[in-house]
Amino acid sequence: MAKIRLTREQIAERTALELPDGACVNLGWGIPNLIAAFVPADITIYFHSENGILGMGPRAKPGEEDFDLVDAMKVPVTLIPGASFFSQDDAHVMTRGGHLDICILGAMQVSEKGDLANWRVPGAKGAGNIGGAMDISVGAKRLIIAMEHNAKDGSPKIVRRCSYPLTAIECVNTIITDLAVIDVLPEGLVLREVAPGFTSEDVQQFTEPTLHYSNTVPELSFRTLSRR
Amino acid sequence: MGEAVADIPDGATIMFGGFGGAGFPNNLIQGLARQGARNLKVISNNCGAGEGELGLLFRNHQISRVVAAFPGPGAKYFHEQFDAGEIELELAPQGILCERMRASGAGIPAFYSPVGVGTDIASGKEERVIRGRRYLLESALGADYAFIKAHRADHLGNLIYRKTARNFNPIMATAANTTIVEAEEIVETGTLDPEMIVTPSIFVDRIVQARGVRFG
């Protein structure tokens, strides 16, 4: 059987399973931005946007956009019942102050200690953009990274030490990729689930630091999508 | 509009509200573009969208220094001048940008924060361990002027914002020596519900009527 990695949507779907009913959650750019579509209908998540929304709903339908009601990517959105508006400083009281239950960001690199690099390619021309990522990474009660396991050139994105400029140190709790679910624990990186068709040894091969795993790592679980 | 920005001198430091296309004081920005002050130091989350928002002032080469969290992929004129070495940039994490302005408005000269510890942002900042955790000393950030967009103002300067157009506006209103507001509606003093007022009038110096300028 050919070993086919998860799609970006499937990474998003698996990540959505980490969200408990009633959680206040901030989603970053990239794969995290796909997650809201996979929240099961029987639970409510209060999505936070750093421009001043708690309780953000789906994108506004064409013709119903209000350009004073946008998400952090400038996209017109809607509200769910119980939503609130506030200023940008209060939005970051929520991020930095540890009030959000879960934050989910994309990454360029994550180190075995949970250091995160996600804002700038080393040596890149131009100014760079930090946005709210540093505040979010430092303050999150639980920080999940949703990303592809390897870079486009095949190099590992889970590394011993980040070579890219850091966003925050020792901040990542869990990494969810197209190959695995990995927890960052005091003893190191612990393999929690492996994508269908792959072995723990396969995942280790695509990862720079040593992974800790038992002989029976469960298959990465889905709730709604049919397995391949 | 011209009158509201007429006295802004070359070299002034100005804060601009706005995020994601919402809550930008676009009338005041256009007024400042016509007024022509140069060598401006600006504090803003981003650096314009094409010729929209702050883009107009960058296009006119009116800005020499920026403090921003997210210059943004659409900030064409900023990026051209930054790459050419014509503009100085201080990049700040967005929440720290907010808190530095809040501190200035609240009379606090500096504060310790965990954001940016161990990153490039820590460069040149004092680090201190408090109760076992590492922190950076961040300085307050004030300005000569703040340009603010409100939904509704009364003649005294009490302000109400609309949805996510609030963003940086209330913080900046507290952090500048002179706060200039453009409001979509200006109403009689006493008609706004005091329970609903977000920016109290003490923080506001000038109010002008906004006229439907928006950039996608």
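This is a predicted model: local features need pLDDT of at least 70, side-chain atom pairs count only at pLDDT 80 or more; totals for chains, interfaces and linings use all residues.
**Notebook: helix α1(A), its cover, and chain B**

I looked up helix α1 of chain A and found Gln10(A), Ile11(A), Ala12(A), Glu13(A), Arg14(A), Thr15(A) and Ala16(A) buried.

Residues are numbered from 1 along each chain as its sequence is written, and chains are lettered from A and ligands numbered from 1 in the order in which they are written. Helices (H or I, at least four residues) and strands (E, at least two) are DSSP runs, numbered from the N terminus.

**What covers the helix**

I asked what covers the buried residues of α1(A). The cover includes β5, β8 and β10 of chain A.

I then took strand β8(A), residues 143-146. Leu143(A) and Ile145(A) point one way, Ile144(A) and Ala146(A) the other, and all are buried. In a regular strand the side chains alternate between the two faces of the sheet.

Next I checked the partners of β8(A); strands pair if DSSP finds at least two bridges between them. Strand β5(A), residues 102-105, runs parallel to β8(A) and is joined to it by three bridges. Here Ile104(A) stands opposite Ile144(A). Strand β10(A), residues 174-176, also pairs with β8(A) in the parallel sense, over three bridges. Ala146(A) stands opposite Ile176(A) in β10(A).

**Chain B against chain A**

I looked up the contact between the chains, where contact means C-beta atoms, placed from the backbone, within 7 Å. It involves 38 residues of chain B and 34 residues of chain A. On the chain B side, α5(B) gives the largest share, six residues. That side divides into 19 nonpolar, 11 polar and eight charged residues. Ala, Val, Leu, Ile, Met, Phe, Trp, Tyr, Cys and Pro count as nonpolar, Asp, Glu, Lys and Arg as charged, and the others, Gly among them, as polar.

**Domains of chain B**

I found chain B divided into domain 1 (2-91 + 141-209) and domain 2 (94-139), with bounds from an automatic or database domain assignment. Their C-alpha centres lie 24 Å apart. The contact takes 11 residues from domain 1 of chain B and nine residues from domain 2 of chain B.

Notes:
A residue is buried if 20 or more other C-beta atoms lie within 10 Å of its own, exposed if 12 or fewer, and partly exposed in between; C-beta atoms are placed from the backbone. Two residues are in contact if their C-beta atoms, placed from the backbone, lie within 7 Å.
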